[in-house]
Amino acid sequence: QVQFVESGGGLVQAGESLRLSCTASGNTFSFLSIGWYRQAPGKQRELVASISSGGTKEYDDSVTGRFTISRNNAENTVYLQMDSLKSEDTAVYYCSEVRPSVRGWVPYGSWGQGTQVTVSS
C-alpha cells in the first residue's frame, strides 16, 4: 500500500503563500491520481484539488485561481502551491490517492499525518 508524507505547512499571514509537498512511497506513483484534502476544526475533510495520472487538474471553487496542483513523477511528489491565502484556508492538509466514482474522486488507502496550515488575518 502506498504511504504518503505531507510537509510544508506553517503559520502565515493572510495574502501570503505556502507550498505543500506530498511524497509517496513505492514505484507506482506515476499511475496514481492524487488529491489534496483539508480538514478544519469541527468540519468534514474536503477535497480541494486533484491531479490525475495524466495530469488533468481539478479544483474546488473555494481555491480556484489561488491554488495550483502539480506533480513530479521522478520525485514521487505532488505539490500544492497556495497563494493569496485566507483565514478560511486554515486546516490540516492531507494528500491521498484518489479513484473515480459516481460521486467524483474518492480517497483510497491510508492517510498520512497531514500538515497544519494556519493563516492569520
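Predicted model: local features only at pLDDT ≥ 70, side-chain atom pairs only at ≥ 80, totals over all residues.
**Notebook: strands, core and a buried asparagine**

Entry 1: Strand S3 (residues 18-24) and strand S8 (residues 77-82) run antiparallel and are joined by 6 bridges. They belong to an open sheet of 4 strands, ordered S1-S3-S8-S7, with antiparallel pairing. Which strands stand at the edges? I found strand S1 (4-7) and strand S7 (67-72) there; each has a single partner strand, so one side of each is left without a neighbour in the sheet. On average, neighbouring strands of this sheet are turned by 15° against each other, direction ignored. I also noted for myself that strands of a sheet pair through backbone hydrogen bonds.

**Entry 2: two hairpins.** S4 and S5 run antiparallel, with 5 bridges between them, and Arg38 stands opposite Glu46 in S5. These two strands make a hairpin with 6 residues between them, and Gly42 in its turn has a positive phi of about 75°. S5 is also joined to strand S6 (residues 57-59) by 3 bridges, again antiparallel. Here Ile51 has Lys57 in S6 as its bridge partner. The hairpin of S5 and S6 has 5 residues between the strands, and Gly55 takes a positive phi near 95°.

**Entry 3: the core.** Which residues have the most contacts inside the largest nonpolar core? I wrote down Ile34, Trp36, Val78, Leu80, Met82 and Tyr93, from a core of 27 residues. The elements giving two or more residues to this core include S3, S7, S8 and strand S9 (91-101). S3 provides the largest share, 4 residues. I looked up Tyr93 in detail: beyond four places in sequence, the residues that Tyr93 touches include Trp36, Leu80 and Met82, and also Glu6, Arg38 and Val117.

**Entry 4: Asn76.** My last stop was the loop between S7 and S8, where Asn76 lies. Is Asn76 buried or exposed? Its relative accessible area is 15%, and buried means under 20%, so Asn76 is buried. Leaving aside neighbours within four places in sequence, I found Asn76 in contact with Cys22, Thr23, Ala24, Ser25, Gly26 and Phe29. For Gly26 I have a distance too: its backbone oxygen lies 2.8 Å from a polar atom of the Asn76 side chain.

Definitions and conventions: Residues numbered from 1 in each chain as written. Heavy atoms only, no water. Pairing = 2+ DSSP bridges. Axes fitted to C-alpha atoms, helices over the stretch in contact; angles between N-to-C directions. Core = buried A, V, L, I, M, F, W, Y, C linked by side-chain atoms within 4.5 Å. Buried < 20%, exposed > 50% of the residue type's maximum accessible area, 1.4 Å probe, protein only. Contact = heavy atoms within 4.5 Å. Polar contact = N/O pair within 3.5 Å; in protein donor to acceptor, adjacent residues only side chain to side chain.
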